[in-house]
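I opened the file and kept notes as I went. The entries below follow the order in which I looked things up.

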Amino acid sequence: MTVTPNGFDLDNTGRRIVVDPVTRIEGHMRCEVNVDEQGVIRNAVSTGTMWRGLEVILKGRDPRDAWAFTERICGVCTGTHALTSVRAVEDALGITIPDNANSIRNIMQLNLEIHDHVVHFYHLHALDWVNPINALRADPKATSELQQAVSPSHPLSSPGYFRDVQNRLKKFVESGQLGLFKNGYWDNPAYLLPPEADLMATTHYLEALDLQKEIVKVHTIFGGKNPHPNWLVGGVPCPINVHSTGAVGAINMERLNMVSSIIDMCNEFNRNVYLPDVIAIGGFYKGWLHGGGLSGKSVMAYGDFPENPNDFTPANLHLPRGAIINGNLNEVHEVDVRDPEQIQEFVDHSWYRYGEAGKGLHPWDGETQANYELGPNAKGTRTNIEQIDEAAKYSWIKAPRWRGHAMEVGPLARYVVGYAQGHEDIRNQVDGLLRALDAPFEAIFSTLGRTAARALESEYCGRLQKHFFDKLVQNIKNGDESTANIAKWDPSTWPKEAKGVGMTEAPRGALGHWIKIKDGRIENYQCVVPTTWNGSPRDTAGNIGAFEASLMNTPMERPDEPVEILRTLHSFDPCLACSTHVMSEEGAELTTVKVR
Amino acid sequence: MQPSVLILGIGNVLWADEGFGVRCVERLAARWSFGPGVTVLDGGTQGLYLLPFLEAADRLIVFDAVDYGLPPGTMKIVEDEAVPAFMGAKKMSLHQTGFQDVIATAQLMGYCPEHLLLIGCQPEELEDYGGGLRDVVAAQIDPAIEVALARLRDWGVEMRPGVSDATYLADPSIRQDAYEAGRPSADVACRVGDARFFPGEG
């Protein structure tokens, strides 16, 4: 047994379970745990199985184009990477953006945040809590009563409506054409909802699908198109012309009205569906408070949504910045992403090589030299690993640390930092949620807390979206139609050498891009993405990462059915799969569980 | 009335032959102009974001790199029900919303186009991050476009040589020529990937 510096007792003597989604092309993450005789997880190892060095493909390119490349590294948060990239370039070159550009960027990023949270909860994570097969057994009338009790103002609540949805589901399941409900562990006792709650939540799965395709239209309006909206160093690429006689595609009153109605749609869904669902489902699961991991110990946020443009000081940000270590919520540390002593990446357990072993490097000084080797205790071969040796190198993810601490990032981290700082909106939301669930404060340090924080944040982001929309409209009314500052567009106006950093709070956590520019070209580019923090392997000192910590001490109902492991890992909204997309003929099963 | 047609290229341009589908729509749009009701879209690796486009379309043509275990550069054409409609519920990699999922979801919601045509090409190399199309795959772009054009003619879609609306295409900085020409050399940009995924070694 080993005790890690960040306080976890690791015991790798029990039965080893490997959850590995690896297929030749689509494998991105693998997890191995050891369970004791009672089926409780006593050791956890998280491996990123895909190498993606964005850094090395940007060298020599035009910094003004970097956003278009970074937009392609992720299958979901295209806009977030693009925004982070233009911020990094603007920071390096001292470019300021106009007020309207700040409002529009915030609206786009907030919209993406809501879209991502809704899609995550209903389409990527719900089936870890909700059993759609059980929904087929629900009584539509009782479901209607449940719906009206948890959300009296939601209009879609009649017994007939739920009966229709149930019939539609039945037809779908019986047709057998869809894998949606295939391969689930539907008779696993880890599922706790009564059939009516399952039917209500499954119904909202469908409602959320309709909603999400409407709300992304904000990106088409401001970004010119979706799924890959346009971005611009120095502002936003959409001109404003409320008199509607100007350029085609300019923002006019009609388009602003459309944005306004989409914002209302988001707020209504958050209030009437998303939050009530999380509270209803949470009520049945509040006895299952595993998965907290690092959330009650060490969390970090960079902060985002500047009220005024070009000012990233914490007081100007709507989502908080700060770091908490060792569970001391009485002290929130300031985070400086430029300080070479604060954020460092370690590679002792990652398949990379630094010039000096055991050393941590700041992203500006980051090196990316691959070094793929397995430890002496690994089982299998280089091309077909049966078991990882976590004492050696075992992941393609580096281990970023803040002042040497492994940190959790993401909605729960943001909410813990905000709560500790006394952020009024965040405090009210969290306190309200805990009252509704009749749960103590410590309950938020859990898988359920992570999932609930995302719903709270979606609601808060909806309100912020309205705030920045009103600000934009008011500013336009005042006669300011400026959306871009192109004074430093031409590389001849740039210094010979420059470096900068862009930060955002991506839906799944703190995201940073660090850039070095030399002679008008990219000299070095490093991304530290949220999943690098959360999915990081052990570091030089032996601290385990956030995914690993979150699995510790979780009891499994049936060790060969990893419902609990998936539930907790999914609650981070992990994003390792930022890349390939090839069809295989059978649409082969992606997750295989091997029990060893 | 002309049917509403979506011509979609999917895949990740950053992973060598994975970019096949996107490069097909780029070239198609650079050479052909279509009548009203035709949208040419670079879908990238996006999943659910593509639903609004599917909803608006009666007919769909998709270009994609497809792994059928065939010799590299082999084209494979699949229609309607045969286009994989599979939705994996247990993926660990959450954002791997494959196109199968998008089709399945569109069917569930009742807004899947009535006709689907998938024009696939077997990739040669995927594990070359930052790389472009291999010759054998690049050589299939024109034949793939021919297949699409023939089908569009059958559907009665108006077309003539020209240029399509580029609104929904990739930013010029990552279109094929600029992307491939601007690649840093192997000396500065390490090209190895995860050995487990190297074709031929697994």
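**Entry 1**

In which hand, left or right, does H12(A) pass H13(A)? I looked it up in what is a predicted model. The crossing is right-handed.

I then took the geometry. Helix H12 of chain A covers residues 424–437, and helix H13 of chain A covers residues 447–477. The cut-off for roughly antiparallel is over 145 degrees.

Next I listed the contact. From H12(A) I noted Asp425(A), Gln429(A), Val430(A) and Leu433(A). Facing them from H13(A) are Ala452(A), Leu456(A) and Tyr460(A). By class I got 5 nonpolar, 1 polar and 1 charged.

**Entry 2: another helix pair**

I moved to helix H8 (residues 195–215) and helix H10 (residues 253–285), both of chain A. Their axes come within 11 Å and cross at roughly 155 degrees. H8(A) and H10(A) are therefore roughly antiparallel to each other. The crossing of H8(A) past H10(A) is left-handed.

I wrote down who meets whom. H8(A) brings Ala197(A), Ala201(A), His204(A), Glu207(A), Leu211(A), Glu214(A) and Ile215(A). H10(A) brings a list that includes Ile262(A), Met265(A), Cys266(A), Phe269(A) and Val273(A). Asp277(A), Ala280(A), Ile281(A) and Phe284(A) of H10(A) are also in the contact. The tally for H8(A) with H10(A) is 12 nonpolar, 1 polar and 3 charged.

**Entry 3: a loop residue**

Where does Asp365(A) sit? I found Asp365(A) in the loop between strand S10 (343–346) and strand S11 (379–381) of chain A. Is Asp365(A) buried, exposed or partly exposed? I counted 16 other C-beta atoms within 10 Å, so Asp365(A) is partly exposed. Buried would need 20 or more.

I also checked a distance. Asp365(A) and Leu209(A) are 156 residues apart along the chain. Their C-alpha atoms are separated by 43 Å.

**Entry 4: the whole chain**

I finished with the overall numbers. Chain A has 16 helices and 18 strands. Its radius of gyration is 24 Å, close to the 25 Å that the globule rule gives for 596 residues, so chain A is as compact as a globular protein of that length. Along the principal axes, the C-alpha atoms fill a box of roughly 65 × 65 × 55 Å.

I noted burial too. Of the 596 residues in chain A, 58% are buried. Last, I looked at contacts with a separation of 6 or more. Residues 24 or more positions apart account for 73% of them.

Note on methods:
Residues numbered from 1 in each chain as written. Chains lettered and ligands numbered in written order. Predicted model: local features only at pLDDT ≥ 70, side-chain atom pairs only at ≥ 80, totals over all residues. Axes fitted to C-alpha atoms, helices over the stretch in contact; angles between N-to-C directions. Helix = DSSP H or I, 4+ residues; strand = E, 2+ residues; numbered from the N terminus. Parallel < 35°, antiparallel > 145°, perpendicular 65-115°, else oblique. Left-handed = near helix turned anticlockwise from the far one by under 90°. Contact = placed C-beta atoms within 7 Å. Nonpolar A, V, L, I, M, F, W, Y, C, P; charged D, E, K, R; others polar. Rg over C-alpha atoms; globule rule 2.2 N^0.38 Å. Buried ≥ 20, exposed ≤ 12 C-beta atoms within 10 Å, placed from the backbone.
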